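The following paragraphs lead through a two-chain model, beginning with the contact between the chains. Please keep the sequence and the structure in view while reading.

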Amino acid sequence: MKQTDVANPEYFHKVVDCQYACPAHTPVPAYIRLIAQKRYTDAYLINWESNVFPGVLGRTCDRPCEPACRRGRVEEEPVAICRLKRVAADHKDDVAKHLPKAGPPNGKKIALVGAGPASLTVARDLAPLGYELHIYDAQAKGGGFMRSQIPSFRLPETVLDEEIGYVLDMGVTTFFDTYVDSMAALLNKGYDAIFVGSGAPRGRDLPKLPGRKEADANIHIGINWLANVAFEHTKEIGKRVIVLGGGNTAMDCCRTSRRLGGEDVKVIVRSPFADMKASPWEKEDALHEGIPILDNHVPREFVVEKGKLVGMTFDKVAAVYHDDGRRELVSTGADPEFVPCDDVLIAIGQENAFPWIEKDTGIRFTGWGTPIINDDETFQSTRKEVFFGGDSAFGPSNIITAVAHGHKAAVSIDLYCQGKDPAVRPPPYVNLVSQKMGIHEWSYDSIPTVDEREIVPLEDLKKALNDRKVEVELGFDLDAAFVEAERCLNCDAQTVFTDVNCIECDACSDICPTNCITFIANAPEEELRQNILVPAENMEQDLYVSGTLPTGRVMVKDEDVCLHCGLCAERCPTAAWDMQMFFYNVTKATPNLVDVR
Amino acid sequence: MSYAKPNFRHPRLPKNALGYTVSDYDGAISTLCAGCGHDSISAAIRNACFLSSIQPHRIAKLSGIGCSSKTPTYFLGKSHGFNSVHGRMPSVATGASVANRDLTYIGISGDGDTASIGMGQFVHLIRRNVNMTYIVANNGCYGLTKGQDSATADLGSLSKYGAANQFEGIDLASLALLQGASFVGRSFSGDKEQLEPMIRAAIAHKGFAFIDVVSPCVTFANHVGSTKSYSATRTQLDAMPLDFVPMREEIRTQFDAGTSQAVTLHDGSVIHLHKARDDYRTDDRMAALASLQESKENAKFLTGLLYLDPNSQDLNQTLNLASRPLNDLGKVELCPGSRVLNSINEGLR
């Protein structure tokens with residue numbers, strides 16, 4: 001195997017599993033350490049620089065970081081990263097004075113369509129550079145789906161207002177209650193670039209299901225209904241409610257129904273429970289609120305009596321998994337099941353829709369209705385000054401993905417406005433510093449604690465169900481936050497190996513608690529993976545291979561379950577191993593927005 | 001500084017025949033200097049006991065005084081241990097061995113503990129052929145008292161302060177051969193591929209098994225001019241590789257004829273010697289002595305299994321002692337009564 005090139009920052013970036021899995025690549029271990037040090041404001045600022053909405057995401061993120069967390073590979077449960085983020089947001093001091101201001105005007109004017117997370121990120125990244133930013137949204141306030149789709153019992157409005165405020169306060173001009181109905185007209189307004197972050201606003205329907213038209217008065221599209229609740233146009237629902245769908249929108253619909261008068265609320269989904277798209281914790285929360293989830297039920301008919309919806313019938317199915325990974329829902333042959341109800345909420349997905357973009361603008365679309373975009377780095381459309389991001393770019397995803405798109409689109413817009421090629425990307429900000437403090441001492445808590453994942457306290461169920469604005473999760477108290485923060489393995493404290501210093505005494509290999517390090521004859525990767533002390537079966541994790549050592553062998557380290565405990569470096573007599581803190585911040589239009597030491 | 005290993009282990013650690021992982025044979029974290037050869041020996045002992053599937057509680061670790069003799073704390077944390085007086089581990093080992101012949105005895109000593117203060121006891125241990133494995137972690141200096149030359153330091157080897165040693169060093173392997181040891185090996189702490197199977201073979205051997213292991217003192221004898229540094233040892237190393245196959249396991253590796261010799265131990269396990277010189281025989285004491293002398297003259301450091309008598313008779317057999325451990329014998333066996341006494345007396349008339 002070739003010697004590992006650790007000068008390429010992507011190698012060590014990948015070792016920080018949580019950060020690598022995060023679409024916006026938030027430096028997770030760095031802010032978790034700050035929480036353990038009670039530096040909540042600094043922890044917040046690191047987050048804010050990276051993901052713009054720490055308070056929102058600390059409550060609502062899809063958490064791609066947590067399944068990736070190394071702790072989940074050496075113990076039962078990953079670190080509660082998302083909830084620690086919320087701790088930073090809840091316990092910070094006033095951060096306004098630490099945030100950047102709009103830069104001196106640079107003469108360029110940018111339009112942003114939609115005031116959701118993608119557009120707000122673009123605005124935040126471009127404002128310090130002096131761009132004049134015009135943000136358009138059909139709603140009365142900014143936030144997009146963060147405001148209209150996420151119920152207040154998961155995300156209090158105050159948190160949302162605060163974090164949207166930080167962006168809009170950077171001199172952004174807002175055009176709220178303004179639906180952009182023509183791209184052609186917008187293009188004629190003399191903007192230097194246009195960013196489209198208008199989301200995937202069309203909720204899927206079941207137009208062909210019998211009874212759909214007749215029962216229309218009591219059938220609602222989930223995302224529209226949630227928006228109506230958020231803006232207080234809808235204040236109640238029938239006592240018996242069926243929610244169709246198995247994603248997070250379905251979970252929000254059913255839980256909101258419970259708070260608007262729904263007593264007998266059921267989620268009914270085609271797929272098996274385990275295959276549902278909703279996050280496991282959101283399913284748990286729904287079950288906790290007394291909402292049964294009926295799986296393997298395919299809608300057959302809306303049953304209408306005397307012009308009014310009285311229920312639905314379903315065919316029962318079973319999932320059959322084929323060898324090629326395909327899943328088929330096969331009828332069990334049982335009689336259709338009737339479920340009585342007063343209202344139905346359809347939450348079976350959403351689609352992109354751009355009725356306002358004219359064909360002659362030169363913006364072309366794929367067969368899926370998404371715009372044709374250069375690649376997932378530039379986000380430039382087939383019309384050079386128009387960029388897309390968030391759900392509007394590749395279809396429905398989540399907030400943190402929208403933020404990641406925003407960072408990249410802002411870089412592209414900045415390059416484009418300077419007449420540079422958006423495809424030539426500036427490098428990320430990277431730092432690597434030794435953590436050696438004494439002969440055998442590191443500047444981080446190197447030996448992992450054995451505490452199990454902390455449980456977050458919840459509001460009393462009765463109280464929560466009485467008022468849709470009462471937040472259900474109460475967040476960690478500071479003691480629990482400390483224990484949870486100390487569970488972090490500090491994967492950004494990298495084990496850096498300098499082969500010319502190695503005397504091959506085996507001390508690192510002998511001490512390593514997880515047997516990661518082997519001194520062995522070099523071989524192709526497949527063989528090396530089998531030959532090392534414990535075979536490296538996790539193919540997603542890299543092998544760190546040194547140059548050839550004096551005995552002709554190489555050092556091979558399997559990154560999979562390294563605890564970053566620093567014992568290899570502590571037991572190394574020649575400092576061939578060193579623990580070095582790796583800091584990685586993605587490429588942004590404004591590279592350094594906050595100052596955290 | 002870390003005083004304890006983290007509790008987490010690799011989730012896919014292999015298990016031995018007893019269902020244990022190698023971490024079940026771990027001891028406390030070492031307090032020796034980082035990079036000490038002794039820690040590698042500790043790891044080799046740990047790995048050997050794991051691979052040979054020995055119950056940790058059926059092992060007794062014995063030692064004297066010195067850096068080497070501290071190491072039993074750092075391996076086999078679930079085994080018995082006795083840290084004795086300086087140079088007096090052999091008498092404790094002899095007593096333990098006759099009291100309970102069923103345990104596996106592993107003695108750890110150093111060049112000072114064996115070749116200086118303990119020399120008197122050491123040769124008697126060999127002479128009596130006590131059933132144990134005796135490992136000397138040999139670094140040629142007194143590391144615990146800042147690196148003075150020890151009795152095994154080679155003639156002319158430079159101390160850390162620049163003085164050349166004026167005396168001929170004691171070659172413990174030759175001494176053991178001369179004194180009639182039934183198993184004599186020599187190895188290097190940085191060569192686990194050889195050291196691990198050698199320890200396994202030594203443990204399987206019935207009788208006194210002696211292994212002299214060059215184990216560099218990383219603090220006081222790892223400089224240019226020291227003959228027992230990592231680099232000097234590697235430069236001079238002339239290693240005869242070996243493999244150990246316990247009786248229970250089938251032999252999986254195939255060796256080319258002429259490159260391998262097999263020696264069968266009393267319990268049916270087999271030692272394979274690879275790339276052994278055609279004329280090399282592990283049952284020829286004289287030849288082993290000659291080989292050691294020859295390699296020394298050629299400025300080589302010969303390692304491997306030097307001599308083995310697979311049919312040796314250990315102390316318990318020689319003295320015709322009770323076949324069961326003392327702690328197993330009840331009142332009936334220990335005090336068989338006047339009828340047995342009478343019959344003994346009758347036999348003497």
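Between chain B and chain A of this predicted model, five salt bridges are counted. One of the salt bridges pairs B:Lys192 with A:Asp510, whose closest N and O atoms are 2.7 Å apart. Polar contacts between chain B and chain A comprise 15 residue pairs, with both residues at pLDDT 80 or more. On the side of chain B that touches chain A, helices α1 (37–51) and α8 (230–236) of chain B each supply at least two residues. The most is given by α1(B), with four residues.

The extent of the contact can be stated as well. Chain B brings 29 residues to the contact and chain A brings 36 residues. About 2700 Å² of area is buried between chain B and chain A, and carbon and sulfur atoms give 57% of this area. Of the area that chain B buries against chain A, 26% comes from B:Phe8, B:His10 and B:Arg12, more than from any other three residues. B:Arg12 also belongs to a network of salt bridges in which it is linked with A:Asp17, A:Arg70, A:Arg73, A:Glu537 and A:Asp560.

A further salt bridge is formed by the side chains of B:Asp39 and A:Arg571, at 2.7 Å from N to O. B:Asp39 lies in helix α1 of chain B, while A:Arg571 lies in the loop between α22 (567–570) and β24 (577–585) of chain A, so this pair joins two chains. B:Asp39 and A:Arg571 are both buried.

Other salt bridges lie within one chain. In chain B, B:Asp26 and B:Lys5 form a salt bridge with their closest N and O atoms 3.2 Å apart. Both residues lie in the segment before α1 of chain B, and the pair therefore ties together parts that are 21 residues apart in sequence. B:Asp26 counts as buried because its relative accessibility is 16%, and B:Lys5 likewise counts as buried, at 17%.

In chain A, the side chains of A:Lys408 and A:Glu377 meet in a salt bridge at 3.2 Å, N to O. A:Lys408 lies in helix α17 (residues 399–417) and A:Glu377 in the loop between β15 (350–351) and β16 (386–388), so the pair ties together parts 31 residues apart in sequence. A:Lys408 is partly exposed, with a relative accessible area of 27%, and A:Glu377 is partly exposed, at 31%. Over all chains, the count comes to 59 salt bridges.

The surface of chain B also carries a nonpolar patch, formed by B:Val98, B:Leu319 and B:Leu321, with about 220 Å² of accessible area together. B:Val98 is placed in helix α3 (residues 89–99) of chain B and counts as partly exposed, at 30% relative accessibility.

Notes: Residues numbered from 1 in each chain as written. Chains lettered and ligands numbered in written order. Predicted model: local features only at pLDDT ≥ 70, side-chain atom pairs only at ≥ 80, totals over all residues. Heavy atoms only, no water. Patch = residues over 30% accessible without salt bridge, like charges linked within 9 Å, V, L, I, M, F, W, Y side chains within 5 Å. Areas by Shrake-Rupley, 256 points an atom, 1.4 Å probe, with all protein chains shown as cover. Salt bridge = Lys/Arg side-chain N within 4 Å of Asp/Glu carboxyl O. Buried < 20%, exposed > 50% of the residue type's maximum accessible area, 1.4 Å probe, protein only. Contact = heavy atoms within 4.5 Å. Buried area = accessible area lost by both parts, 1.4 Å probe. Polar contact = N/O pair within 3.5 Å; in protein donor to acceptor, adjacent residues only side chain to side chain.
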